[in-house]
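Reader: I am new to this structure. Please show me how to read it, one feature at a time.

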Protein chains: 2
Amino acid sequence: MPDSKSNVKLHPKLTLQFFTSEKCFGPGVAILLEKIKEYNSISKACAQIGMSYSKAWTIIKRAEANLGFKLLESKTGGVDGGGATLTKSAQRLLSEFRMCEKELNDFCDVKFSEHFSWIDDNANIE
Amino acid sequence: MPDSKSNVKLHPKLTLQFFTSEKCFGPGVAILLEKIKEYNSISKACAQIGMSYSKAWTIIKRAEANLGFKLLESKTGGVDGGGATLTKSAQRLLSEFRMCEKELNDFCDVKFSEHFSWIDDNANIE
DNA sequence: GTACGTTATATTTTTGTAAGAATAACTAAT
DNA sequence: ATTAGTTATTCTTACAAAAATATAACGTAC
């Protein structure tokens, strides 16, 4: 093994984000929505992923405003204090987003090999 | 035109970054290297893209340490104060990076149409 | 040997973002 | 009515990242 910094290999990471005039949907909202779907609760989802409620609320509101449709159906009060569930549109958005990410990542792996395998070779590296 | 927030259409943005154990190469270093190549000067490149010299220096050093090879050939002093040029490896890395980005972005455009055209349709949106 | 304009490096200051705190509103059950 | 646990919203505080600053070193020309 040559003099490169560590035993950890170089690898790519692809980030998919959606914009209108501002950033409005990306991995952060995606994971948040997934957890809300799982727990039917914004606050429980936040606790789970270590995100503050205020941030969750902010990014969801921003996403909704930019996308033009609601992501959450929420209610307050009641025996369990309330809760939130994903709209049909949110569920579709989320599912398509994850599928799209997967296809892009698979393609990225191929392209990374094509373009950057020479880095491992450490031939002609100055 | 329906009630969506603005006339700006939703569009995707793909970010390609390289990691080892830490982030070490992405669009920031790429544009910086391109400007250094153009001006043969770190400081002129920084002025051009509005990046502080200290940040430029930090991200280049981090990139070099993680990649395991040098990106810049630099000299101090002399009539023009010194300067910096890209190593052959840096030039190749940069060129492959831009090509790879382009291929990924083209693919992303296709996939975005496949997965998210329904958002524009605003049918069944709640 | 002084001046100039750069690289090299560390330290300090600023700033933008996220977390945290505070408060109100809601509704079912007791 | 009071309690409980959530959503909804704003405001303040803390922190991390970037910028700014400071200083040294370098080497060519005058």
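**The surface near DNA strand C**

Author: Start with the DNA. α3 (53-67) of chain A, together with α2 (42-49), α3 (53-67), β3 (72-76) and β4 (82-86) of chain B, each supply at least two residues of the surface near DNA strand C. Keep in mind that this is a predicted model.

Reader: Which residues come nearest to DNA strand C?

Author: Of the 24 residues around DNA strand C, the nearest are A:Ser54, A:Gly77, B:Ile42, B:Ser43 and B:Gly81. By class, the residues of this surface divide into six nonpolar, 15 polar and three charged.

Reader: And which elements supply the surface near DNA strand D?

Author: Here α2 (42-49), α3, β3 (72-76) and β4 (82-86) of chain A, with α3 of chain B, each give at least two residues. There are 25 residues around DNA strand D, and A:Ile42, A:Ser43, A:Gly81, B:Lys55 and B:Gly77 come nearest. This surface divides into six nonpolar, 16 polar and three charged residues.

Reader: How do I read the relation between two copies of a chain?

Author: In general, a rotation about an axis and a shift along it relate two copies of a chain.

Reader: Why do the copies meet through the same surface?

Author: Compare the interface residues. 100% of those of chain B are also interface residues in chain A, so the copies meet through the same surface.

Reader: Now one helix. How do I read its length and its sides?

Author: An α-helix has 3.6 residues a turn, so residues three or four places apart point the same way. Take the length of α3(A). Its 15 residues should span 21 Å at 1.5 Å a residue, and its end C-alpha atoms are 21 Å apart, which agrees.

Reader: Which residues of α3(A) are buried?

Author: They are A:Ala56, A:Ile60, A:Ala63, A:Glu64, A:Asn66 and A:Leu67. After α3(A) comes A:Gly68, with a positive phi near 90 degrees.

Reader: What is the overall pattern of chain A along the sequence?

Author: The pattern is β-β-α-α-α-β-β-α-α. That gives chain A five helices and four strands. Of its 126 residues, 22% count as buried. Among contacts in chain A between residues at least 6 apart in sequence, 45% join residues at least 24 apart.

Reader: Where does pLDDT stay under 50 in chain A?

Author: Over residues 1-6, for which the model has ten contacts beyond four places in sequence. Chain A as a whole averages a pLDDT of 92, and 90% of the residues score at least 70.

Note on methods. Residues numbered from 1 in each chain as written. Chains lettered and ligands numbered in written order. Predicted model: local features only at pLDDT ≥ 70, side-chain atom pairs only at ≥ 80, totals over all residues. Near = placed C-beta within 6 Å. Nonpolar A, V, L, I, M, F, W, Y, C, P; charged D, E, K, R; others polar. Contact = placed C-beta atoms within 7 Å. Buried ≥ 20, exposed ≤ 12 C-beta atoms within 10 Å, placed from the backbone. pLDDT = per-residue confidence, 0-100. Expected span 1.5 Å × (residues − 1).
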